[in-house]
Structure formats: C-alpha cells, structure tokens
Amino acid sequence: MTRLGPVLVLLALLAIWQLGAMALQADYLPTPIAVLPDLRAMLIDGDIWRDMAASLTRLAAGFAIGLAAGVPLGIVCGRSTAVRGCVNPLLALFYPVPKAALIPILMLWFGAGDLSKILIITLTVTLPIVYHAQQGAAAVEEKLLWSARAMGFSPAAILWRVVLPAALPELLLGVRVGIVIGLIVMISSEMIVRQNGLGYDIFNAMDMAQYTLTYAVIVIVGVLGYVLDSGFEALRRRLTFWAPQRQAMVAASS
Amino acid sequence: MIRNALRGAAPILLLLALWEGFARSGLVPRTLLPPATLVIARTATALTTASFDADLLTTLTRLLAGLALAIILGIALGILAAQNRVGGMIFDPLVRVLGPLPKIALFPAFLLLLGFEDAPRIALVLIDAIFPIMLAAHAAARAVDEKLIWSARAAGLSPAACVLRVVLPAAMPQIMTGIRVAAVIACVVVFLSEMVQPGDGLGDQMIRAARAFRSVDMFVPIVVISALGALLDATLATIRAQALAWAA
C-alpha cells in the first residue's frame, strides 16, 4: 500500500487534469495525453537532459558548499553556547529574508553566470543544515561525551567521532529540508535570470506559446522533485536505521 | 530578558557595522555595495513614497489573501484527513508526491490559467503555504487524546461540533506553529512571483531597480519584505502565546 499510494495519487491527479482540460477546451491547458508526445520527444532528443544537467550541477555544487560550511558550524554551535549566542541571532535575522530574491544582488557581485546561482543555493540550504545540525549536536547524550573523554579522545575527535554520528538523524532531516528548498531556489533563480536550466525551459516554452511543452517540463520538474526526495529518504533510512524514525516537515522557506 | 535581547542584538549590530565599514572603506565600489546606513535611509524614504506604498499594499494584499486561504483550507483538510479513514489514506501519498514538488514550477501554468494579475500569485502563495499548516493540523488532530473526544461524544456533542469544540482547540498550538512557518513562506513566495513575472508589487520594484542598476534600490524591497516576514512571524508568536497560554 505504501508503495502503491504515490502511484495511485499520481494517476488520480493526472485523471483530474485530463478531465479538467477536456472540460475547459482551451489551448493553454492541454490534456496530459496531448502533452505526452512532447514529453517523449524531449526525453529522446536530449535537449532537456542538457538543461537538467545544468540545473542539477548547480544544485549539487551549491549543496556541497552548504554542507561543507553548515555541518561544522552547526555541530560547533550545538556544543558551544558562546558560538551559539553569536550565530543564532544572525540565523534569526536571515530566516525571513527571501534568499532566492537576492539573486540580482549576487549577480551584481559575481556576474550573471553559474557562480551567482550556485551561491544562492548555498545560502538557502545552509540555514536549515546549520539549524538541524545544531539541534542534533545539542541533544547528544552527556554520558557518551563523558565516556569518550574518559577514554582519552581529544575535543576534536569527540566532535568528529561522537557528536557528528549522534547528531546525524537530526542533521539529515535538515539536509532533506535543504533538498526541497534548494530545488525551489534552483528553479526560481533560473526563472529570474533566464539563461538555461529547467526553470528557463518552462518560461521559454510559455513565451513561445508552446503550451504542451510548458506542461511537459513542469511534469519533469515534478518527477525530479519526487525522485530526489524519496531517493534521499531511502538513503537517510539506511544511514540512520538505528535511530527512531521521525517525519520531517517537508516545507520550509526559501 | 533585556540582557538577553542585548546579547542577541550584538552580533547583528556587529554585522551591520562590518557592512558599513566595508562599504565605506573604498575596497569595493559603492555601486556594488552601498553602505547599510544609506540602505536604511532609502528604505525610510521609500516607505513615505506613494508609488512604493502602492506596490507594498499590492504585495501585502496578495500575501494575506493567499495565507488566509491556506489557513482555512489547510486546517480543514488536515483535520479531515485525520478524522476520516479514506482521507487519511489519500493524505500521506499526496503529501509525499506534492510536498517535494517545487511549486514555483507550477506558476507558469497558473499564469496561463488564471491571468497575469493577482489570482495566479495568490494561488501560488496558497499551495506553498498550505503544506506546513495542513501537516501540522493533521499531526495535531491525530494526537488529540481520544478520551477527550469520547467524553464530548458521550456528553451529546455531534461529530461536527466535536471537531469544532474539541479537536480544533486541542490541535491549535501545533497549528499555530505551522501557520508561523507558512507566513514566512508566503512572504518569500509572493515576492518571487513578482520577480519571476514582474508587473507590480515589491518584487517588481526589485526587478526594475536591478535592470536600471540602482543598487541601493535593490536592497530596499528585500529589507521591506524581510521586515514584513519578521513582523508577521512575531505577531503570530505573540498571538500564539496570548491565546494559547494554557498549552504552554
């Protein structure tokens, strides 16, 4: 049932779309069946793969920097009240800032190329990673730390070999939130600065009034979101099979 | 309390001071990074300008309309899914499929379907803001103590009255938390919708400033929308604390 559920829901959504489009009879809402040939053509002729690769490369690069910066910062924040007292007000300050909307300012600084778009993704995903890494690190059982210290671990070794693994379940929750909002920022930045990528494809098709193509790209983005999220969920379960499972709130601000 | 507030303000003031110093040091051109004081002064001027206020009002209207719809529908759907067996079976897979979908990708479809004015932007705010509220309402309604519901039913309350007078109040603390998350999302999304398809509103101010390379004016809409988000968040936090003092 849990396996079939998403498939059934997807079919139901497609059926609603099909019926709605048939009722409306407008060229700006093609039926999913009408979109199918475009979807097929796109996947075969390969243009979409190039744009998807461009989008995903930026997402991966932005994410890698976000992880490299956010995990150590979050872990240290969780263990040190002084660092926390310094970092948390800044986190609270940046929380309501629409990060994706900073893209024109980053373009002013770093040009209109990939770097701005990568940095905007980094900026966005770092926040939930720091926040959740901190929560996880702050909640590590004191007994584990005492034992490690008694066995002669250096402070750095404790952070790396005790705190980090213990904080992993919570940290990975933050990474999952990061994936969802990273995708949002990836798409929106490509819609604001239209050069390439999936966000660009959607608007480009719409501007040229190729409505079936517009919807085909939207479907691809939807599938991509689902695949990335459930792929990561599977990975997360394997990495933290020993921890009690918690549902992440799949919603966060971008 | 005051000491805590001061300690919290210190890193923020330090950041502002660093920004100001760096911008005035001459290491970077003013056009790339205007000093913080200049941005703050320009924001104050903008807020007294009629055309800027008109855009602010436009954005605020869209934001609140979408958020209000998300609150009503999110609470209704979340509780319905928790109370109803069929609803519950649809809810989980629906959230798993639609949750990770970057909703902004649907925005072009909304533009085509709903026109290029307010409606598509309100719809985008709705589908982005509804998720945290719906998830919170669902989780909270499922966690309501069954004994409370049984007592209410035994006391002669109809199922509908039971939802309104027992389940909803019991679920409210968690729902309010969901609404706070949703409010900040709504601010972000409405701004993005106005940047992606400019026309009017704060996002449009940002795009126009960027196209004209008026760098100070690029910071102003960001400052205003962020302040709006922080204000909304603080207001909701206060409401939550006041109205739900019993839940602590």
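Buried residues make up 44% of the 248 residues in chain B, where buried means that 20 or more other C-beta atoms, placed from the backbone, lie within 10 Å of the residue's own. In chain A, 43% of the 254 residues count as buried. Both chains belong to a predicted model, in which local features need pLDDT of at least 70, side-chain atom pairs count only at pLDDT 80 or more, and totals for chains, interfaces and linings use all residues. To find your way around, note that residues are numbered from 1 along each chain as its sequence is written, while chains are lettered from A and ligands numbered from 1 in the order in which they are written.

**The two chains**

- Chain B has 10 helices and 0 strands; helices (H or I, at least four residues) and strands (E, at least two) are DSSP runs, numbered from the N terminus.
- The secondary structure of chain A likewise comes to 10 helices and 0 strands.
- Taken along the principal axes, the C-alpha atoms of chain B fill a box of roughly 75 × 55 × 30 Å, and those of chain A fill a box of roughly 70 × 50 × 30 Å.
- Two residues are in contact if their C-beta atoms, placed from the backbone, lie within 7 Å. Looking at contacts in chain B between residues at least 6 apart in sequence, 73% join residues at least 24 apart.
- For chain A, the figure for such contacts between residues at least 6 apart is 74% joining residues at least 24 apart.

**Where the chains meet**

- Chain A brings 48 residues to the contact, and chain B brings 46 residues.
- On the side of chain A that touches chain B, the elements giving two or more residues are helix 1 (4–24), helix 4 (81–94), helix 5 (103–110), helix 8 (155–192), helix 9 and helix 10 of chain A.
- Helix 10 of chain A supplies the largest share of that side, 10 residues.
- Sorted by class, this side of chain A has 39 nonpolar, 8 polar and 1 charged residues. Here Ala, Val, Leu, Ile, Met, Phe, Trp, Tyr, Cys and Pro count as nonpolar, Asp, Glu, Lys and Arg as charged, and the others, Gly among them, as polar.

**A look at helix 5 of chain B**

- Helix 5 of chain B covers residues 107–114, and its buried residues are B:Phe107, B:Pro108, B:Ala109, B:Phe110 and B:Leu111.
- The cover over these buried residues comes from both chains: it includes helix 9 (198–207) and helix 10 (211–239) of chain A, together with helix 6 (118–142) and helix 8 (159–196) of chain B.
- Just after this helix, B:Gly115 takes a positive phi of about 90 degrees.

How values were computed:
A residue is buried if 20 or more other C-beta atoms lie within 10 Å of its own, exposed if 12 or fewer, and partly exposed in between; C-beta atoms are placed from the backbone.
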